[in-house]
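Here is a walk through one protein model, taken a piece at a time. Keep the structure open beside the text and follow along.

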Amino acid sequence: MNATWTESISQILGWAYFILWSLSFYPQVLYNHRRRSTDGFSIDFALLNVLGLSAYTVSNACFLFSPVVRAQYAQRHPQSPEPTVQWNDFVYALHGGLICYWIYSQFLCARFWNFDSKLQRPSTLPLVVFWGCLGVVPLAILCVLGSASWEWIDVIYVVGMIKVFLTAVKYTPQAAMNYRRQSTEGFSIMAILLDLSGAILSLIQLVLDSSMQGDWSGAVGNIAKLLLGNITVLFDLIFIFQHFVLYRERVAENKSGLSERDPLLDSRNEA
């Protein structure tokens, strides 16, 4: 395939998954606002999402803008010296992080948003995970300062792996909440469908970029994106199974109530 065409397809895939993943943040935000409640949505999920997207933003920014990190990457990958991190990766992470802060504010500032939700507090284990992940970064910096074998790119890899690790664990509180309640009510399945579509396109772009370079180490060099896509696909399939198979009857019973597809404003009150 012509290199120009391949690059164009990669760009299309990149911005397509950026759009899908970016849109995937909004159904839950709007669903919470329609219900004036965060009931059914896990605060632990929201908390870990905030840190994960923040770490992913920092990681992508360094691979795009840091001359030191880019030079060290080129030294380690001489056959494909350009990092496979794309502009759409950075914009997605930054945008997603801001939306995650918005969602988390719905828990912390429920009165400000005029929500009826009871005050929720993060569970102990997610808090330990949160502060543990933050504590790893200064340790990695100390390794750079005190060891000749560590470079700044290793710190960025650690930051990127925080996002991967949190992606692996952040979905667990939500999946467990759905299981305890035997229902996915309050959790937007539309967000999951968009998330799954974006993850698949993200993986396709990564494979395509590596094939263009003729060096599959490019995929491993962007390990955060590789693992992020695969873990996301796995958990999204779990949520889809919960919603459409395990708790389908509960979903049907709640159709007469407020749905995530209901209009944001009641037309009867618009007059």
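Glu 82 is partly exposed, at a relative accessible area of 46%; the label covers whatever falls between buried, under 20%, and exposed, over 50%, using a 1.4 Å probe and protein chains only. Keep in mind that this is a predicted model, where local features need pLDDT of at least 70, side-chain atom pairs count only at pLDDT 80 or more, and totals for chains, interfaces and linings use all residues. Residues are numbered from 1 along each chain as its sequence is written, and side-chain values use heavy atoms, with hydrogens and water left out.

Back to Glu 82: what does its side chain meet? The partner is Arg 70, and the two form a salt bridge at 2.6 Å, N to O. Glu 82 sits in the loop between helix H4 (67–76) and helix H5 (87–108) while Arg 70 belongs to helix H4, so this pair ties together parts that are twelve residues apart in sequence. For the terms, a salt bridge here is a side-chain nitrogen of Lys or Arg within 4 Å of a carboxyl oxygen of Asp or Glu, and helices (H or I, at least four residues) and strands (E, at least two) are DSSP runs, numbered from the N terminus.

How many salt bridges does the structure hold? There are three. Let's turn to Arg 76, which is partly exposed at 34% relative accessibility. One of its partners is Glu 151, with the closest N and O atoms 3.1 Å apart. That pair links distant parts of the chain, since Glu 151 is in the loop between helix H6 (124–146) and H7 while Arg 76 is in helix H4, 75 residues away. Glu 151 has a relative accessible area of 24%, so it counts as partly exposed.

Arg 76 also forms a salt bridge with Asp 154, and here the closest N and O atoms are 2.9 Å apart. This pair, too, links distant parts of the chain: Arg 76 in helix H4 and Asp 154 in helix H7, 78 residues apart. Is Asp 154 buried or exposed? At 14% relative accessibility, Asp 154 counts as buried. Through shared partners, the salt bridges join Arg 76, Glu 151 and Asp 154 into one network.

Now for two loop residues. Ala 110 lies in the loop between H5 and H6 and counts as buried, at 12% relative accessibility. Setting aside neighbours within four places in sequence, Ala 110 is in contact (heavy atoms within 4.5 Å) with Ser 105 and Phe 115. Its C-alpha is 9.7 Å from that of Gln 120, ten residues apart in sequence. Glu 185 is in the loop between helix H7 (152–181) and helix H8 (189–213), and is partly exposed at 39% relative accessibility.

Finally, zoom out. The protein has eleven helices and zero strands. Of its 271 residues, 50% count as buried. Among contacts with a separation of 6 or more, 82% come from residues 24 or more positions apart. The protein exposes about 13,800 Å², and carbon and sulfur atoms supply 66% of that; accessible areas come from the Shrake-Rupley method with a 1.4 Å probe, and for residues only the protein chains shown count as cover.
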